[in-house]
Amino acid sequence: MIDIFICEDDQMQLEQLGKMIENHILIENFDMQIKVKTQYPDEILDHIVDNKTSNIYFLDVDLKTNINGIELAEKIRRNDPRGFIIFVTTHDEMSPLTFKYKVEALDYIIKGNAKEISYQILQCLLNIDSKTSIASPQLMKRFNLRTKDKTVNLNFEEIYFFETASSAHKVAMHCKTQIVEFNGSLNDIEAQLDDRFVRCHRSYVVNIQHIAEINHNKKILSLHNGQTCLLSSRGLKMLKARMTSIFPHPLGQ
């Protein structure tokens, strides 16, 4: 879980910013939470002393206190050198100071249109989610799908397999609790997945975590939920190679 800290001197803007972030966390299913939301820099610093975790910080620049947001960011950097700092401010002219103070800000969002601010915040959170997933393999990775009428965000472990659907140019995603059909191709989907997914057949991409048995003769693999997938000769070779490092004994005969 990544903690988020917000420091904004205007109470109304503080609440609006917090609401935007909470909505994105809920919709995108980010492994994040707002830890502190305050008008006072000291409350931020009190929570991160000796904390080496990579937190996220949304800071106003003009805090109307004894230090400004950039000076606050400099203090944050001493305790959280790998944290993600995003400035949300009307003072775009002060952005060069981020280089002077060496705070290495992830982004500098200018206050104005609420929809634009919300969009930029989302892009920052998506960026951070991507970076932390790559840097920390232990974290849950997710498959994000957005269509005109739905948004699906699932942990990889919830997905059993993908298959080409009966309708042209569509893919069916089989999960623990649902089957989702959407426009796409298995080639495009493979690019979004990690090593636990294998193209076992031209029409199937399977999550090897959920394989219960492989029938080498019939070229069929069975999953823990009772479903089956076709298996090509090439797919079988790929599965054997991938699973050797995961399972101590081969599955099926």
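A contact means heavy atoms within 4.5 Å. By that rule, residues 24 or more positions apart account for 54% of the contacts in the chain with a separation of 6 or more.

The model is predicted: local features need pLDDT of at least 70, side-chain atom pairs count only at pLDDT 80 or more, and totals for chains, interfaces and linings use all residues. Residues are numbered from 1 along each chain as its sequence is written, and side-chain values use heavy atoms, with hydrogens and water left out.

**Overall make-up**

The chain holds 7 helices and 15 strands; these are DSSP runs numbered from the N terminus, with helices (H or I) of at least four residues and strands (E) of at least two. Of its 253 residues, 44% are buried. Here buried means under 20% relative accessible area, exposed over 50%, and partly exposed in between, with a 1.4 Å probe and protein chains only. The accessible surface of the chain is about 13,900 Å², and carbon and sulfur atoms contribute 49% of that area. Such areas come from the Shrake-Rupley method with a 1.4 Å probe; for residues, only the protein chains shown count as cover.

**The five-stranded sheet**

An open sheet is built from 5 strands in the order E10-E9-E8-E12-E11, with antiparallel pairing. Two strands are taken as paired if DSSP finds at least two bridges between them. Strand E10 (179-183) and strand E11 (197-201) are at the edges with a single partner strand each, so one side of each has no neighbour in the sheet. From one strand to the next, the twist averages 20°, based on axes that are lines fitted to C-alpha atoms and on angles that run from 0 to 180 degrees between N-to-C directions.

Strand E8 (residues 159-164) and strand E9 (residues 170-175) run antiparallel and are joined by 5 bridges. Phe161 has His174 in E9 as its bridge partner.

Strand E12 (residues 204-207) includes Asn207. Asn207 has a relative accessible area of 0% and is therefore buried. Its side chain reaches the backbone oxygen of Ile159 at 3.0 Å. Leaving out residues up to four places away in sequence, Asn207 touches Phe156, Glu157, Ile159, Tyr160, Arg196 and Phe197.

**Aromatic pairs**

The whole structure contains 7 aromatic pairs. Rings of Phe, Tyr and Trp (its six-membered ring) pair if their centres lie within 6.5 Å; planes under 30 degrees apart count as stacked, over 60 as edge-to-face and the rest as tilted. Phe5 and Tyr57 are stacked, because their ring centres are 5.3 Å apart and their planes are at 20°. Phe5 belongs to strand E1 (residues 2-7) and Tyr57 to strand E3 (residues 56-59), so the pair ties together parts that are 52 residues apart in sequence. Ring pairs also link Phe143, Phe156, Phe162, Phe182 and Phe197 into a cluster.

**Positive phi values**

Most residues other than glycine have a negative phi. Asn29 is not a glycine, yet has a positive phi of about 60°; Asn29 lies in the loop between helix H1 (11-28) and strand E2 (32-38). Lys219, also a residue other than glycine, has a positive phi near 55° and sits in the loop between strand E13 (211-215) and strand E14 (220-223).

| Residue | Relative accessible area | Class |
|---|---|---|
| Phe5 | 2% | buried |
| Tyr57 | 0% | buried |
| Asn29 | 36% | partly exposed |
| Lys219 | 28% | partly exposed |

Note on methods:
Polar contact = N/O pair within 3.5 Å; in protein donor to acceptor, adjacent residues only side chain to side chain.
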